[in-house]
Amino acid sequence: MNDSLEKLNRLTESHGAIQPGKGLASGVIALSLAILCFLGVLAFHFPEYLTTPQLRKSYSVPVLRQLLFGSLVLSGAIALFNILRGRVRWLSLGTFVLVGLSLALGGSKVEVDPNFPDHTPYIGLDWFILDLLGSTLIFVFVEKLWPLRKHQPVFRPEWQTDFHHFIVNHMVVGFVLLATNLLVHKLFGWAAKDGVQAWVQDLPFPVALFLIILVADLVQYWTHRAYHEVPMLWRLHAVHHSVKSMDWMAGSRQHILELLITRTLVLAPIFVLGFSKEVIDAYIVVVGFQAVFNHANVDVRLGPLRYVIVTPNFHHWHHSQDDEAIDKNYAAHFAFLDHLFGTAVQADRKWPNEYGVVGDYVPNGFWQQFKFPFVWKG
């Protein structure tokens, strides 16, 4: 057992391409599924503390049970296949332990009392599970189908740091939502007018969706620009820019204070204008997709549309160390904002050469980056 744990520890601390034919890729998939299944079972046991209230109302519990059951079966089957083939038995052992624990705790048949309290403190374990599962299934596949840097592995250098950011920023979703809602109501409640909100809510859905994205992106543009031009704010934003390899997980590298500030400022006009729940839900889908896709390792430019919509090509330039890209391409959704305000990258190459902060002075590691804005002497 100690030998298996040591091998697993070395694996999680390493990076690089996984060699095919040795069972390591399938072993990692099986173990990852087993971990997510175990966390899913815990979420079924303690929904009031481990699940997001906004998501609970949208769940189909029978579908989630089927997904959990299928994932347990698949995880165990892959592990069994590897054991029979004599491959990565140390990984398969860990998989079986987690599958066994999940089944011992009730597996997909855990009973849930529907009368649990709805306003308890919580962490977004369900959001973490669903987003990680969905992101890996969609974006890893897309990155392999249309790769920009074909030789960049899934487990590229510093993936552990970005995964730690991914975990923390998902787990504290409850705190972020509570804090941003409180700040928005306290700071901007005076600006909400019934007449304006009624007019906005009467807009046709496509018009309202375009308006909410445009308004949010205008705020995002100037907030983002301030992060680059105000030294105190750059201390926070430099953490996000320190990523040296662009992929679907790179956007997760973000300091929690920056997350709170940006979300509060972007949410303010959305709250003041009074967009309907349906429009806000659609906006969240757009934001979630673009935030991941535009950092992804994909060779996508969209032709002339790239002057209108932010694409991976557009945002990759924003993360570049190249001289022509410094403090450029701030928009999150509509590229025409940067062309309008004179901050669009003008380059004779399609893609940048290098990513990261010029001088590479931001340390690696989640906790080191959390402390960085408060201890940096630059």
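The exercises below, each with a worked solution, concern a predicted model.

In this predicted model, local features need pLDDT of at least 70 and side-chain atom pairs count only at pLDDT 80 or more, whereas totals for chains, interfaces and linings use all residues. Residues are numbered from 1 along each chain as its sequence is written, and side-chain values use heavy atoms, with hydrogens and water left out.

**Exercise 1.** Decide whether S92 is buried or exposed, and find which residues S92 touches.

*Solution.* Begin with the location: S92 belongs to helix α6, residues 89-104, where helices (H or I, at least four residues) are DSSP runs numbered from the N terminus. Next, recall that buried means under 20% relative accessible area, exposed over 50%, and partly exposed in between, with a 1.4 Å probe and protein chains only. The relative accessibility of S92 is 1%, so S92 counts as buried. Finally, leaving aside residues up to four places away in sequence, S92 touches A79, N82, I83 and R87, a contact being heavy atoms within 4.5 Å.

**Exercise 2.** Describe how helices α11 and α12 are arranged, and state which residues meet.

*Solution.* Two packed helices are described by the angle between their axes and the distance between the axes. Here the axes of α11 (residues 205-229) and α12 (residues 231-241) come within 6 Å and cross at roughly 100°; axes are lines fitted to C-alpha atoms, for helices over the stretch in contact, and angles run from 0 to 180 degrees between N-to-C directions. Angles under 35 degrees count as roughly parallel, over 145 as roughly antiparallel, 65 to 115 as roughly perpendicular and the rest as oblique, and α11 and α12 are therefore roughly perpendicular to each other. On the α11 side, H224, A226, Y227, H228 and E229 take part, and they meet P231, L233, W234, H237 and H241 of α12. These contact residues divide into five nonpolar, four polar and one charged, where Ala, Val, Leu, Ile, Met, Phe, Trp, Tyr, Cys and Pro count as nonpolar, Asp, Glu, Lys and Arg as charged, and the others, Gly among them, as polar.

How values were computed
Helices (H or I, at least four residues) and strands (E, at least two) are DSSP runs, numbered from the N terminus.
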